[in-house]
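Hi,

Here is the structure I said I would pass on. Have a look at it, and my notes follow below.

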Amino acid sequence: MADITVSEAWRRVGGDTQFIDVREDFEVADGMIPGARHISLSTLSARLGEIDRTRPAIAVCRSGNRSAQATDILWAAGYRVDNMGGGMLAWQQAGLPMDR
């Protein structure tokens with residue numbers, strides 16, 4: 001478990017890594033990382049079965065704080081997971097693509 005940069009996260013888009021976006025519905029409406037799965041932090045514990053344990057994951061939120069909490073939850077449940085530091089604010093600032 002580690003904080004990774006948006007550049008490192010971008011290199012993992014389209015590969016084996018699954019992106020778990022833990023923002024709220026209204027935040028996700030502004031766009032998500034291509035291929036990300038939306039599971040809000042408030043429902044994460046109840047929806048762990050929707051996340052593939054055999055694949056690495058990156059938790060994502062707006063700024064990196066809620067995704068750090070999600071990373072702790074996922075790590076404790078046995079997932080291989082990293083936190084994307086800076087969140088979607090850093091992703092957008094870097095000009096990286098988003099699905100809308």
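How many aromatic pairs does the structure hold? It holds 1, where rings of Phe, Tyr and Trp (its six-membered ring) pair if their centres lie within 6.5 Å, and planes under 30 degrees apart count as stacked, over 60 as edge-to-face and the rest as tilted. The partners are Trp-10 and Trp-91: their ring centres are 6.0 Å apart and their planes sit at 70 degrees, so this one is edge-to-face. The pair links distant parts of the chain, with Trp-10 in helix H1 (residues 6–12) and Trp-91 in helix H4 (residues 87–93), 81 residues apart.

Before you read on, a word on the ground rules. This is a predicted model, so local features need pLDDT of at least 70 and side-chain atom pairs count only at pLDDT 80 or more, while totals for chains, interfaces and linings use all residues. Residues are numbered from 1 along each chain as its sequence is written, and side-chain values use heavy atoms, with hydrogens and water left out.

Back to the two tryptophans: are they buried or exposed? Trp-91 is buried at 0% relative accessibility, whereas Trp-10 is partly exposed at 38%. (Buried is under 20% relative accessible area, exposed over 50%, partly exposed in between, with a 1.4 Å probe and protein chains only.)

As for the fold, the chain has 4 helices and 5 strands, which are DSSP runs numbered from the N terminus (helices H or I, at least four residues; strands E, at least two). From the N terminus on, the order is β-α-β-α-β-β-α-β-α. The radius of gyration is 12 Å, close to the 13 Å that the globule rule gives for 100 residues, so the chain is as compact as a globular protein of that length. (That radius is taken over C-alpha atoms, and the rule is 2.2 Å times the number of residues to the power 0.38.) Along the principal axes, the C-alpha atoms fill a box of roughly 35 × 25 × 20 Å. Buried residues make up 44% of the 100 in the chain.

Asp-21 is buried, at 2% relative accessible area. Leaving out residues up to four places away in sequence, Asp-21 touches Val-28, Met-32, Arg-37, His-38, Ile-39, Ser-40 and Val-60, a contact being heavy atoms within 4.5 Å. Across the chain, among contacts between residues at least 6 apart in sequence, 65% join residues at least 24 apart.

Cheers
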